[in-house]
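Notebook open, model on screen.

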Amino acid sequence: MNKLLDKINNPKDLKKLNVLEKQELAKEIREYLLEIVSSNGGHLASNLGVVELTIALHSVFNCPEDKIVWDVGHQSYVHKILTGRREKMKTLRKIGGISGFPKTSESEYDSFDTGHSSTSISVALGMARARDLLNKNNKVIAVIGDGSLTGGMAIEALNDAGSSKTNIIVILNDNEMSISKNVGGIPALLTKIRIKKTYTRSNNCIKRFFNKVPIIGKPIVNLAHIIKRGIKQAVIPNMYFEDIGFTYLGPVDGHNIQELENILYKSQNIKGPILIHAITKKGKGYDIAENNPDKFHGISSFDIDTGKIRGSKKKDYSKKLGEKLVKLASKDEKIVAVTAAMKDGTGLKEFADKFPKRFFDVGIAEQHATRTNCRYGCIWIKTCICSIFFIFTKRI
Ligand SMILES: Cc1ncc(C[n+]2csc(CCOP(=O)(O)OP(=O)(O)O)c2C)c(N)n1
């Protein structure tokens, strides 16, 4: 029996709670997620990471009039729980059961059928443009992970949205992880932006301290102010999102409901495209998943106390592909493997460990993966295609 969760049948019920109650609700939701996924299997770590963010979104916005587009959609369990499908979540991954992804046929709260990554900003921009043509004023919000932001389509959409002047909110759910550790230049940029928060905090503390020191305190603060610009330029990276036309808000603690609600309310008074950068922890609240977020990204049923998968894991096509590839690559150094952020899902972990120099994770970028570096000719391409083939034949 969940004291608060059992009373939430739609976002209107959620809006009646105060922040302390919402924090309590977040705990209950995490326990519920663990109960369901440990018994049925499913996407755990990403959902544990968006509990507070989803609570804040449904507290501030008015769905279904306002539209939330979840990128990939694997992190929509909390959204489903809060939008009238709490009990149905028990049928996850059962025949005839609830979908693990948003489905417009399932609920008016699901605005788009997803599955493939990096589509949310394009979809949200389309919805926002349609809204404007229809003279409506509902809000449109895309929630995209830092992994999905490495996909070309997301960058194309940012490029278009940034110059569009259209009212659209993009929430960047930054947990530093794709399924495995996120890779590439964009994650590196996000890391630099995260440093800004530490910089701003320490800067304020230092200022407060010196302002209290008699006589020499204020001159020190003034001097610091003069050299601040230089320091800032060295510490804070070029604000990429602002430069391409977005108002950047954040970074905000993605597990602090009050801070999230404040920033979401603030975003409602700003015109044009906005990007809110929320920092979250994949697997939040369940230590075993926090420490192994890739293993708990998508998982079959497991024991909550130990995190061990129930039953024996059968050999699947990916595992076979990985083993065969390692055998072939041991004899032929021209064989390399490339994957679009699916090292584990395509059975390439052993290959990556054994041949790190011949293994390329290119981010969630299948289109790019098939074209990049064809020096090694057809063996390479075959490896690459296999990897992508397995992405699309496996459950995503
Ligand atoms: C086009 C495409 N490639 C690969 C996948 C497999 N996939 C599902 S979720 C995911 C990682 C997403 O990472 P992120 O957007 O950061 O979300 P998080 O799970 O970290 O919250 C990947 C690679 C997919 N769904 N679509």
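**Strand β5.** I looked up strand β5 (residues 273-279) and found seven of its seven residues buried, so it is largely enclosed by the rest of the structure. Here a residue is buried if 20 or more other C-beta atoms lie within 10 Å of its own, exposed if 12 or fewer, and partly exposed in between, with C-beta atoms placed from the backbone. Helices (H or I, at least four residues) and strands (E, at least two) are DSSP runs, numbered from the N terminus.

Which residues of β5 point which way? P273, L275, H277 and I279 point one way, while I274, I276 and A278 point the other. All of them are buried. I noted the general rule: in a regular strand the side chains alternate between the two faces of the sheet.

**How I read the model.** This is a predicted model; local features need pLDDT of at least 70, side-chain atom pairs count only at pLDDT 80 or more, and totals for chains, interfaces and linings use all residues. Residues are numbered from 1 along each chain as its sequence is written.

**Partners of β5.** Two strands pair if DSSP finds at least two bridges between them. Strand β3 (residues 168-174) runs parallel to β5, joined by seven bridges. In this pair I171 stands opposite I276. Strand β4 (residues 247-253) also pairs with β5 in the parallel sense, over five bridges. There, T247 has I274 as its bridge partner.

**Strand β1.** Next I checked β1 (67-70). Both of its faces are covered. K67 and V69 are buried on one side, I68 and W70 on the other. Four bridges join β1 to strand β2 (residues 140-145), and the two run parallel. W70 stands opposite V143 in β2.

**Helix α5.** Why is helix α5 (residues 77-85) largely enclosed? Eight of its nine residues are buried, so the rest of the structure encloses most of it. The buried ones are Y77, V78, H79, K80, I81, L82, T83 and R85. I then looked for what covers them, and the cover includes α1 (11-15), α2 (19-40), α3 (45-49), α4 (51-60) and β1.

**Y317.** I found Y317 in helix α13 (residues 317-331). Is Y317 buried or partly exposed? Y317 counts as partly exposed because it has 14 C-beta neighbours inside 10 Å. Y317 and G347 are 30 residues apart in sequence, and their C-alpha atoms are 8.2 Å apart in space.

**Around the ligand.** I listed 24 residues around the ligand, and S46, S117, G145, G147 and S148 come nearest. A residue is near a molecule or strand if its C-beta atom, placed from the backbone, lies within 6 Å of it. The shell draws at least three residues from each of domain 1 (5-291) and domain 2 (317-393). These domain bounds come from an automatic or database domain assignment.

**Whole protein.** I noted 16 helices and seven strands. Of the 396 residues, 41% count as buried.

**Confidence.** pLDDT is the predictor's confidence in each residue, from 0 to 100. The protein's mean pLDDT is 88, and 84% of its residues reach 70 or more. Where does pLDDT stay under 50? One such stretch is residues 377-386, with 15 contacts beyond four places in sequence. Two residues are in contact if their C-beta atoms, placed from the backbone, lie within 7 Å. Residues 389-396 are also below 50, and this stretch has eleven contacts beyond near neighbours in sequence.
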